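Please look through the sequence and the model below. The briefing that follows is grouped by topic.

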Amino acid sequence: MFWLLVIFRWMHILGTIALVGSALFYWQVLLAGNVFGSGDNANKAWQSLRGRWARLVMLSILLLLVSGTANTFLMVKSGEFKQVPAGVYHGLLALKIGLAIVVFLLMSFLTGKTAVAQRLQKNMQLWISISVILAVLVVMLAGIMKSTSCTSSNHDKSEPVLSLRHEPTRLLSPCETAMIFPFQTVGCAPQTATFS
Ligand code: HEM
């Protein structure tokens, strides 16, 4: 179970890097620097870039959807969902998922080839900036959620949330503890947290 969780975390972080990083690079480097110029050459360059970027976007969306759904499912199954501050955490998660879906749709259209996609691509500057801003907002919401769940007053310290998630069978090694709780603060799962 420990490694499954680590794999979901890797998937979520790598998906985020690929989606947000590639959009930011396109917006602030390729578009702002007018790298493609104009005319036929610009169109050819865009077409060759679009296909590759679309594959990267699809892969990141898949990684984020699978790992995000798995994380949510694990939280519900372990009871962790009842321990986070009622209302605040759940509201933030709902908002995060809603915004994430908007970002997925926008990024799919901006790298797609349907008629609607082509219409949006005519105003690339506007839509790519909106996508990046919304995606950064999603990352910021995730940061608040993570801190909220760590410092929750509902948190029963005798049963660390993260140990509940993974049916405890053994003590974590210091190395595992550092990987799971890199920014451990008072109120987060203690060193003696157990993991299967
Ligand atoms: C644009 C799409 C998304 C981005 C950029 C994003 C980004 C992030 C980041 C950076 C984290 C913190 C990861 C960590 O510290 O290990 C996170 C956590 C999380 N994400 Fe996402 N995410 C996205 C979509 C989703 C979706 C679609 C779901 C659900 C279906 C989801 C559910 C979660 C959950 C449950 C957590 C754990 C929060 C916690 O530990 O309290 N995410 N996300």
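Ala, Val, Leu, Ile, Met, Phe, Trp, Tyr, Cys and Pro count as nonpolar, Asp, Glu, Lys and Arg as charged, and the others, Gly among them, as polar. On that basis, the shell around the ligand holds 13 nonpolar, seven polar and three charged residues. This is a predicted model, in which local features need pLDDT of at least 70 and side-chain atom pairs count only at pLDDT 80 or more, while totals for chains, interfaces and linings use all residues. Residues are numbered from 1 along each chain as its sequence is written.

**The chain**

- The chain contains eight helices and two strands; helices (H or I, at least four residues) and strands (E, at least two) are DSSP runs, numbered from the N terminus.
- Along the sequence, these elements follow the pattern α-α-α-α-α-α-α-β-α-β.
- Of the 196 residues in the chain, 19% are buried. A residue is buried if 20 or more other C-beta atoms lie within 10 Å of its own, exposed if 12 or fewer, and partly exposed in between, with C-beta atoms placed from the backbone.
- Two residues are in contact if their C-beta atoms, placed from the backbone, lie within 7 Å. Among contacts with a separation of 6 or more, 82% join residues 24 or more positions apart.

**The ligand shell**

- The ligand is surrounded by 23 residues, and the closest are G68, N71, A100, A142 and M145. A residue is near a molecule if its C-beta atom, placed from the backbone, lies within 6 Å of it.
- At least two residues of the shell come from each of α1 (2-31), α2 (40-78), α4 (88-110) and α6 (124-150).
- The largest share, seven residues, is supplied by α6.

- The expected span of a helix is 1.5 Å times one less than its number of residues.
- M11, G15, L19, A23 and Y26 are the buried residues of α1.
- M11 counts as buried because it has 20 C-beta neighbours inside 10 Å. Leaving aside neighbours within four places in sequence, M11 is in contact with L63, V66 and S67.
- The loop between α1 and α2 contains N34, which counts as exposed because it has 9 C-beta neighbours inside 10 Å.

**Helices α2 and α4**

- The 39 residues of α2 should span 57 Å, and its end C-alpha atoms are 56 Å apart, which agrees.
- The buried residues of α2 are V57, S60, I61, L63, L64, S67 and M75, and their cover includes α1, α3 (80-83) and α4.
- In α4, the buried residues are Y89, A100, V103, M107 and L110.

**The nonpolar core**

- A nonpolar core is a set of buried Ala, Val, Leu, Ile, Met, Phe, Trp, Tyr and Cys residues joined through C-beta atoms within 7 Å.
- The largest nonpolar core has 16 residues, and those with the most contacts inside it are L19, A23, L64, V103, M107, I128 and A135. Two or more residues of this core come from each of α1, α2, α4 and α6.
- Leaving aside neighbours within four places in sequence, V103 is in contact with S131, L134, A135 and V138.
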